[in-house]
There are 2 protein chains.
Amino acid sequence: MNDTAPRLIRSVGVWLVASLTALVATADEGMWLFNALPKDYLKQKYGFEPTDAWADHVMKSSVRFNVGGSASFISSTGLVLTNHHVGSDTLHKLSTAEHNYAEDGFYAKTLKDEIPAPDLELNQLVAIVDVTDRVKSAVKKGMSAAEALKARRAVIAQIEKESKDATGLRSDVVTLYGGGRYHLYRYKRYTDVRLVWAPEAAIAFFGGDADNFEYPRYCLDACIFRVYENGKPAKIEHFLKWSTDGVREKELVFVSGNPGRTSRISTLAALKHQRDVRLPYVLNFIRRREIMLQQFGLEGVEQERRAKDGLFGIQNSRKALGGMLQGLQDPRLMQRKAEEEQKLLAAVDRDPRLSEARAAWEQIARLQKRRTALQGKGVSLNTRLFRIAQTLVQMAAEDQKPNAERLPEFRDSGRDSLLQQLFSPAPIYKDLEQATLADLISWMIELRGGDDPLVEKILQGKGPRDRAADLVMGTRLDQVAFRKKLADGGADAIASCDDPMIVLARVVDDEARAVRKERDEIGELERQAYGKIAEVLFAVKGTSTYPDATFTLRLAFGPVKGYVEDGKPVPAWTTMGGAFEHEKRHGGKEPWKLPASWIAAKQTMDGETPFNFVCTADIVGGNSGSPVINRRGELVGLIFDGNIQSLTADYVYDDKVSRAVSVDARAIREALANIYHADRIVRELGK
Amino acid sequence: MNDTAPRLIRSVGVWLVASLTALVATADEGMWLFNALPKDYLKQKYGFEPTDAWADHVMKSSVRFNVGGSASFISSTGLVLTNHHVGSDTLHKLSTAEHNYAEDGFYAKTLKDEIPAPDLELNQLVAIVDVTDRVKSAVKKGMSAAEALKARRAVIAQIEKESKDATGLRSDVVTLYGGGRYHLYRYKRYTDVRLVWAPEAAIAFFGGDADNFEYPRYCLDACIFRVYENGKPAKIEHFLKWSTDGVREKELVFVSGNPGRTSRISTLAALKHQRDVRLPYVLNFIRRREIMLQQFGLEGVEQERRAKDGLFGIQNSRKALGGMLQGLQDPRLMQRKAEEEQKLLAAVDRDPRLSEARAAWEQIARLQKRRTALQGKGVSLNTRLFRIAQTLVQMAAEDQKPNAERLPEFRDSGRDSLLQQLFSPAPIYKDLEQATLADLISWMIELRGGDDPLVEKILQGKGPRDRAADLVMGTRLDQVAFRKKLADGGADAIASCDDPMIVLARVVDDEARAVRKERDEIGELERQAYGKIAEVLFAVKGTSTYPDATFTLRLAFGPVKGYVEDGKPVPAWTTMGGAFEHEKRHGGKEPWKLPASWIAAKQTMDGETPFNFVCTADIVGGNSGSPVINRRGELVGLIFDGNIQSLTADYVYDDKVSRAVSVDARAIREALANIYHADRIVRELGK
């Protein structure tokens, strides 16, 4: 929905429901906080006791791609391993009609050939501080939602600013258990990030949309970047060594990454809102965008290239969210959720100390109605150029206020990251912007009706296509220098600017802010309600639980393990040689056409090399690019997908048939050495 | 939306708004009734006076494909020319995994090789009788909507039955001017229809979805059938002779065909309903179906083949309806419509005899609110198997009632056509049925909410996919003999049947009928209101107007004429040789890949032969396959599309840039002779 949201493997950016701890952690369920690992469980079940040093090493070897994914350091010289589909945003931004790195792959033969990404920000988590008491105490009893929101924002802004000033580190206060706990996360930021190696899209995403979320798979969904500091490869203390002997069937593995959003403990009312209101709405939009991008791509080879990155993301979201909706539409899943909720409510009724919490469930049910009323309201014109305009307009206004009172994204502590995005030199394709904006204006007319006063102000008497052409062709916001000039000029520059896109952002600002205000107030009231439910959970289940995913670092785990589907066993592994058979089975037609590099290396590579494998670790979107690690803290794999049965993981964990899908580290190494001849990289990885 | 609706070039089957006469017939506007041709206008502007004999000849040479298209007789021996995309329904039904006639084309080398279509019905209009007075007098003042509907249905059923009994001909009472006039149309039915020739899809739909509704074009969108009687080629008295010298620039041509639905005189309130409610809803569904069919096709080559016919139809609809919505979302078009309405209302205010009519506009505005409330209600499970079940269940119930009281589709007069469809031996692909039904159940949950009682009855505790599998795998309705047995068994057989699809149709019947009743009542009230508005129009504009399209035979006309787009002239014609250049411009990639037959004939065919051309005739969906005729009543072309600028033709006619697109008759002949070597057919056409 919002193109600025992190693009995660399961597109969880579109999920807005508050998240909470899991009700019942069964089997190897859980996305655990690094400062609260399930040490007892691991010791008891697997005889493994993660030391603090082990946890610290894994945490600091892990990397977050702010664009919406996970990664890891894999050398002392700054090499970073992630998925091709996490790097693809950058690959597309670096590509041109002449050099299509996203499609054809890339290898920097020397250090000098490594290409700087235009706007990547990588984060390394270095410390976690519990600030729950300070945040909670700022909100007093009897405050209205607006007052509470203001107070909470103020204290969080203050905490972040103090931390940033004291340490120089990116400092984010994270809401956990939907409002039950608040932790301050400190990150080291890397913003000089360069592309080292990427394979062809044909093998990174072998089988395309058809094979996506399926298993068995044959994908080299990997690429390598390098972080620099002061123009030189950064020196990295904590990085993952490449396992020399790989991973075996039934072996316990760990996944360290940033799952985006889950809703495991949403109340039944909140899940029904997702089922009946939010997901259908989002999926309608997704299909609309998918068709729009397909149509744009039909116009020519270059248009197809320009549309491709967006198309991949949207198709991925459509399949993922479609799977989630299927889950919610299954009465059996809802029945299970209803029973769990009944148990919690029974506990509330038994314990007088918890009786106040009953109102929290009712509150959340009421808030879903407010959410429903908000659906389709607001201003949905999120093209890149419009977002730039809106950011400039709102930043100028927000900067007039004290730091503590601003909208969170305009706080001082986040300004570096904000400006990096705002001044990104990544190419903006005006033809694609225009088609996108025309469709969004049409959509807004559909949502608000053609006689809506705001629609009339936007259209200025023209149809959506003509109006989009005026706006996109007329704006100068595609020029970074113009953006900088406007940002430097502040409120005066914005007020006097006649750039049509800035004018549009000004025209719609009141409405955008009104809807934002309502949404934020609902969020605040939900945080308060879920905070109370969290206390019930802690009382009933103890505090040895994990909070719902928040796109922050978590540790999941489980054995490598095949499964049974329609009565047939699905082995845990595929092999690189299997890719050739998979191509043959599909007649070598796209998207099952192997790249020339693989055809050429067929005889010399080791076809027996394990290629993809599955394990039971509890992951969702955002985990894409997460390292899979063995007990010794070595790299054995690279998460890139979940199978189709795992798509209900937003609500329930299951280890019968749900699986996380990884590229085997041995395949990456074999490919680097014997297909892509990336010898200097192989040397850097050590043996 | 409803797969049983005629599939017209612009998918007008989804249009439900009442239609009316055009306000102002400017330029060469108009889809004229054959019993009310604009003789004066033609004489004055073009010096052409169509005689009664000319009109009768053209009318009887015209053919309607009940599946949703137009055609013409082109020989005394029963040959029928239409579009490939009109015949494609049959081409797909005749195709198998082994013989893909829809894709690869077909030519019957001898009469014996001509293949019978499984369920085609072709109609030849032979007589029109005005029955307005009899229909109107059946509805008395003071009747409620339900009473009026019942009375109107009864008199129409009676008229149709009398006509059928007296003549043996198919007899349909057609509502014209939205309720201002009622005409009885008598048709000769042809039900033994055989496939003679079809080209490859690659050239019939050259450029695919990308080129659809664009111009210039290079499509051989043609195919030939033959009607039989008593097992022999039917003897046809009225057929179109092939023009020997073709058509020239600026020459006046006529189009005789069956435009589906237009809404030129819908009130502003009705148009706003289309803009803000109906079209967005339909387009959401269309995108959903398009994605579903794409996904199904990804599963394999055979699945792709099975999905293709549906995919073409849905993509065509998406582009057509998208264009219509763009038109309605343009304030300039709505402004023009508002001004026209104001003029009419001013006339009402000036003339005391018309004052009663003012209420009609208000009534229609109120009815749009009832339409809005109905949106998404009802039972939307229209797969082929479900429709068969529903037809059987409803037919058994309706047949208990006297003929005059039944739902119109179950009247005695239409029983032959109904049973032909119901007992069609056309293949039913259970895998595609299952995927479609699962998606429709999901959609119904989205529309009604997961807690809806009817949804619970449909799901029976399972998710949509599992439930669809039970229903489709469990039903025997794919067997024609089983359908016949149930139909013969009547109400008892239906009541005791435990086939899961029949059970489902019984479970949802109350709800389906309740929604149908409300929709029919709205329709009745709209007919009454538009009937009054029609009288205003006749008073203001005179009766020399044409009614909105009703998928019945009309005559349109206009000169062959290029146009100017973005400042550049677009010539009226393309040539067959141009197809090779068009292929080259697109790198020979699908869908711009010419078939082998064309490559082979490149040197021997005449590349200068005119291929496609445009004229200004006023057409919409349903006109696909219409013959283009010169003053001498000879065939010069074959309508197959409109350009993108013509997509607002549902509301307004324009001859500046809107164009009807045809295959030149000379190209069809050249292809038959020198590419497909269909010598016996060329001989039958005469020289």
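How many bridges pair β10(B) with strand β11 (residues 223–229) of chain B, and in which sense?

**Entry: conventions.** I am working on a predicted model, where local features need pLDDT of at least 70, side-chain atom pairs count only at pLDDT 80 or more, and totals for chains, interfaces and linings use all residues. Residues are numbered from 1 along each chain as its sequence is written, while chains are lettered from A and ligands numbered from 1 in the order in which they are written.

**Entry: strand β10(B).** I looked up the opening question and found five bridges, in the antiparallel sense. Strands here are DSSP runs of E of at least two residues, helices are runs of H or I of at least four, and both are numbered from the N terminus. Two strands pair if DSSP finds at least two bridges between them. In β11(B), Ile224(B) is the bridge partner of Trp197(B). Trp197(B) is also the partner, in β10(B), of Tyr107(B). Strand β5 (residues 106–107) of chain B runs antiparallel to β10(B), with two bridges. Strand β6 (residues 115–116) of chain B is likewise joined to β10(B) by two bridges, antiparallel, and there I see Ile115(B) opposite Leu195(B). Six of the seven residues of β10(B) (residues 192–198) are buried, so the strand is largely enclosed by the rest of the structure. Buried means 20 or more other C-beta atoms within 10 Å of the residue's own, exposed 12 or fewer, partly exposed in between, with C-beta atoms placed from the backbone.

**Entry: cores.** I took a nonpolar core as a set of buried Ala, Val, Leu, Ile, Met, Phe, Trp, Tyr and Cys residues joined through C-beta atoms within 7 Å. The largest has 181 residues, and Val80(B), Val253(B) and Ala389(B) have the most contacts inside it. Helix α9 (residues 268–297) of chain B gives the most to this core, eleven residues. A second, separate core has 180 residues, including Phe225(A) and Ile681(A).

**Entry: interface.** I counted residues in contact if their C-beta atoms, placed from the backbone, lie within 7 Å. Chain B and chain A give 28 residues each to the contact. On the side of chain B that touches chain A, α9(B) gives the most, with nine residues. I also noted that 100% of the interface residues of chain B are interface residues in chain A, so the copies meet through the same surface.

Methods: Two residues are in contact if their C-beta atoms, placed from the backbone, lie within 7 Å.
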